[in-house]
Amino acid sequence: MATVLIEDYALLRLALEHILMRVEGAGEIIVLSARQLGELGTSWNKSVELLVLDVNPDPVQVIETLERALAIFSPRVVLTLYGTEDPAVSAAFARRGVQGYISRSSDPAALAAAVSLVLAGGECYPRREIPPDIPVAARSAMRGLTKRQEEILRLLVQGHSMREIAEHIGISAATVKSHARTLYWKLNVRNQAEAAFVARHRGLIKPDDEGED
């Protein structure tokens, strides 16, 4: 399996390569520019798990680039990165089955979480119900998370299983699962991968929290 990254900016390309190398399931990473994609023939024979496409500001061109990439690689999953959000482009991507549309200026943890999320079968598109400039504490309060739920969310983001969380904080696995279900409902997500993405992307979890045990 391979990940194909189509990107034209050297510094962003290096950063994205570094992020992708840390994500389980990304496989071999193949980097192409939009020009190289245009020159690529249709004789591609490598299985592509993930296509990461950096979005060109021209909406017509980016749709053409996406459709060419889909025709050549037939990826299982597609994640797109934007500089300025364009609802029309976002809607066009959704209609074509693209699983993710995320800002390229997101921090590395959020980008890695987005990759993990789409590989796990989830989707990540901008959600507008919480403005991005609301402080972390206010966002958490708006979500109505209890201290216990915040603790469990932090451990879920770190990748711990329900059983590991139960052992860590000294409660039953069934109780952890009950808290997790409530968390998912409050965050409007379906699973642990989506919860991790939302928590990182919205600043519900500080970077320092992710390294704690």
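Leaving aside neighbours within four places in sequence, which residues is G159 in contact with? The legends below take up this and other close-ups of a predicted model.

**Figure 1. G159 in the loop between α7 and α8.** Leaving aside neighbours within four places in sequence, G159 is in contact with E164 and Q192. G159 counts as exposed, at 52% relative accessibility; the cut-off for that class is over 50%. The C-alpha atoms of G159 and A196 are separated by 8.4 Å. Along the chain, G159 and A196 are 37 residues apart.

**Figure 2. The crossing of helices α7 and α8.** Helix α7 spans residues 147–157, and helix α8 spans residues 162–169. Their axes come within 10 Å. The crossing angle is roughly 130°, so α7 and α8 are oblique to each other. The crossing in which α7 passes α8 is right-handed. From α7, the residues that meet α8 are R148, E151, I152, L155 and L156. Their partners in α8 are M162, I165, H168 and I169.

Figure 3. T146 is partly exposed, with a relative accessible area of 35%. T146 and H179 are 33 residues apart along the chain. Their C-alpha atoms are separated by 9.7 Å.

**Figure 4. Helix α4, with a buried side and an exposed side.** The helix runs over residues 87–95. V89, S90, A92 and F93 are buried. These four cover an arc of only 160° around the axis, which puts them on the same side of α4. On the other side, P87, A88 and R95 are exposed. What do the buried residues of α4 pack against? They pack against α3 (59–73), β4 (77–82) and β5 (100–103). At the start of α4, a side-chain oxygen of D86 reaches to within 2.9 Å of the backbone nitrogen of A88. After α4 comes G97, with a positive phi near 85°.

**Figure 5. S74, a residue with positive phi in the loop between α3 and β4.** The phi of S74 is about 45°, although S74 is not a glycine. Most residues other than glycine have a negative phi. Is S74 buried or exposed? S74 is exposed, with a relative accessible area of 54%.

**Figure 6. E49 and R76, joined by a polar contact.** E49 is found in strand β3, which spans residues 48–54. With a relative accessible area of 13%, E49 is buried, since the class takes values under 20%. The side chain of E49 makes its polar contact with the side chain of R76 at 2.7 Å.

**Figure 7. Helix α10, a mostly covered helix.** Seven of the 10 residues in α10 (residues 192–201) are buried. Which residues are they? The buried residues of α10 are E194, A195, A196, F197, V198, A199 and R200. At the start of α10, a side-chain oxygen of N191 comes to within 3.2 Å of the backbone nitrogen of A193. The residue G203 follows α10 and has a positive phi, near 75°.

**Figure 8. The packing of helix α5 with α10.** Helix α5 spans residues 108–119. The axes of α5 and α10 are 9 Å apart, at an angle of about 160°. That makes α5 roughly antiparallel to α10. The crossing in which α5 passes α10 is left-handed. On the α5 side, the residues that meet α10 are A109, A110, A113, A114 and L117. On the α10 side, they meet A193, E194, A196, F197, R200 and H201. E194, A196, F197 and R200 are also among the buried residues of α10.

**Figure 9. The whole protein, with 11 helices and five strands.** Buried residues make up 46% of the 213 residues. Consider contacts between residues at least 6 apart in sequence. Of these, 66% join residues at least 24 apart.

Methods
Residues numbered from 1 in each chain as written. Predicted model: local features only at pLDDT ≥ 70, side-chain atom pairs only at ≥ 80, totals over all residues. Heavy atoms only, no water. Buried < 20%, exposed > 50% of the residue type's maximum accessible area, 1.4 Å probe, protein only. Helix = DSSP H or I, 4+ residues; strand = E, 2+ residues; numbered from the N terminus. Arc of directions from axis to C-beta. Contact = heavy atoms within 4.5 Å. Polar contact = N/O pair within 3.5 Å; in protein donor to acceptor, adjacent residues only side chain to side chain. Axes fitted to C-alpha atoms, helices over the stretch in contact; angles between N-to-C directions. Parallel < 35°, antiparallel > 145°, perpendicular 65-115°, else oblique. Left-handed = near helix turned anticlockwise from the far one by under 90°.
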